[in-house]
Amino acid sequence: ERAALLLEPFDQLYDAFRTRPNARDFIPATLKVYIDDLAIAKSHRKDIQNLFNGKRTKNNVIGFMDSNSLLIKVDNLEEGQSIRRNIANFKKNAKSISAIEGIEIFSPKIIEYTEDVLKVSLIDYHNFELNNAVKVAFTKFCQELNLNIKEIRYSIGLIIFKIEGATPATLDQLSSFAALEAIDFMPKYKIVLDALDTEDVLDILEPKEGVDYPIIGVLDTGISDNKYLKPWLTLDKFSSYPDELIDSSHGTGVSSVIIYGDKLQNEILSGNTGCLLFDATVFPDSKKESIYEDELIENIREAIKSQRNIKIWNLSLGTDQECDVNDFSDFGIALDNIQETYDVIICKSAGNCKNFICGRPKGRVAKSADSFRALVVGSIAHNKNEDDISEVNHPSPFTRI
C-alpha cells in the first residue's frame with residue numbers, strides 16, 4: 001500500500017518531462033520526499049539514497065527543505081522510470097519505502113504580486129556545469145520576457161537573481177521555469193533610531209599616546225566627526241554614498257555606545273578603554289533613498305574587503321522579520337560567507353520586537369541575525385524602575401531571543 005501511494009506522483013513527473021521546451025529539456029525535475037520522524041537516523045540514509053539513485057552510482061539527493069523532507073533531482077524520463085521500478089520492487093526495498101511518508105512534485109515558494117523588483121532563487125544541483133547551463137537558460141528566458149536580470153552574490157550554494165520590471169503576467173510566466181526554488185520580493189531596508197534626548201554633558205575621551213588601540217569597523221549610516229568621536233575616527237573611511245545621501249544619526253549613536261557606553265551608564269559594563277573607529281557607510285539616508293537587500297550585502301562585502309587589517313565589525317542594521325524555524329535567511333548566509341572569506345567577526349544586533357506591548361512572548365532573532373558565525377547581541381536590563389517589566393540582568397522586554 002505504501003509503495004502504491006509513493007508511485008502516484010510519477011505520472012505527473014512524466015507529464016512534466018514530455019511538455020518541457022526542447023531548449024530546456026536538460027533541466028532535471030525535482031521531487032520532494034517526506035521522511036518519517038523515526039527514520040531520519042543515519043542507518044536509514046543510505047537505503048533512502050539508493051532508492052532514488054536509479055541505475056547509476058550517483059547521489060540524486062540535492063538537499064533538505066527541513067529536517068524531514070529531502071529534495072531529489074530526476075535528470076530525465078529514463079531515470080524517473082528507474083526510480084519507479086525501485087519503489088515498485090517493495091520486497092527488495094522494504095526498509096527504505098517504510099521510511100518514506102510521501103512523495104510529491106516539488107513546488108517553489110511564490111509570493112503574490114505587489115512589487116516589480118523580485119528576488120528569484122534557483123535550485124542548486126551540486127553540479128557546476130549543470131548549474132551554469134541552468135543560469136544561462138534562465139537569463140535568456142527573462143530577457144525574452146523583457147525583464148532586467150542580474151545574478152547576485154550571496155554565498156556558495158545560493159543561486160539568486162534580482163529581477164526588475166516584473167508584472168503579474170511575467171510572475172506567472174517565471175513560475176513555470178523548471179529549476180525554480182522560490183520567488184520573493186527583494187527586501188528593502190530602512191533605519192529606525194529609537195533614542196531619548198539627554199542633557200548630560202560628558203568629558204571628551206581621547207586616545208593616549210603610545211597605546212595601540214584595536215580598530216572596530218562600523219557598518220552603518222556613517223559617523224559624525226563631532227568633538228566626542230573625532231579623536232577616535234581613523235583618517236580613512238569607506239562610503240557607498242555621496243554626502244548628500246547620508247544621515248549619520250544611527251551610526252553616530254552606535255559609535256557613541258562603543259566609545260562612551262560605560263560613561264553613559266556610570267558603570268563599568270564593558271571595560272572598554274578605547275578603540276579606533278573605521279567609518280563604513282553602507283546605508284543611505286532612508287528618507288532620500290531606499291536600499292535593497294542585495295545592495296546592502298554588496299556594500300558590506302566591499303567595505304570589509306577594503307580593510308583586510310580590521311577583524312572586528314559592528315552591524316546594528318537588519319530586518320524586523322523573524323527568522324525561520326527550519327531555514328537560514330539568505331542575508332544570514334551571506335554574512336557567514338563574508339566572515340569566512342575575510343576572516344573577520346561581525347557583532348550583529350539580535351533585533352527588537354514589540355510583542356511585549358500586547359503580552360506576547362519574545363520573537364526569535366531577526367533575519368540576518370541568524371548568521372552562524374556572527375556574535376549576535378541582544379539586550380539585558382541594567383536597572384528596574386517602577387513601571388519596568390524586566391528584572392535587572394534579565395532580557396529586556398523588547399529584545400529578540
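Me: Buried is used for a relative accessible area under 20%, exposed for one over 50%, and partly exposed for what falls in between (1.4 Å probe, protein chains only). Why is E293 called buried?

Reply: The relative accessible area of E293 is 5%, and the limit for buried is under 20%, so E293 counts as buried. The model is a predicted one, in which local features need pLDDT of at least 70 and side-chain atom pairs count only at pLDDT 80 or more, while totals for chains, interfaces and linings use all residues. Residues are numbered from 1 along each chain as its sequence is written, and side-chain values use heavy atoms, with hydrogens and water left out.

Me: What makes E293 and K119 a salt bridge?

Reply: The term requires a side-chain nitrogen of Lys or Arg within 4 Å of a carboxyl oxygen of Asp or Glu. The closest N and O atoms of E293 and K119 are 2.6 Å apart, so the pair qualifies. E293 is in helix α9 (residues 293-306) and K119 in strand β6 (residues 117-122), 174 residues apart, so the pair links distant parts of the chain. Here helices (H or I, at least four residues) and strands (E, at least two) are DSSP runs, numbered from the N terminus. K119 has a relative accessibility of 8% and is buried. Salt bridges with shared partners join K119, E293 and D330 into one network.

Me: How do you know that D47 and K95 tie together separate parts?

Reply: Their side chains meet in a salt bridge at 3.3 Å, N to O. D47 lies in helix α3 (residues 42-51) and K95 in helix α5 (residues 94-98), so the pair ties together parts that are 48 residues apart in sequence. D47, with a relative accessible area of 27%, is partly exposed. K95 is partly exposed as well, at 40%.

Me: Are D75 and K73 buried or exposed?

Reply: D75 has a relative accessible area of 18% and K73 one of 8%, so both count as buried. They form a salt bridge, with the closest N and O atoms 3.2 Å apart. The whole structure has 13 salt bridges.
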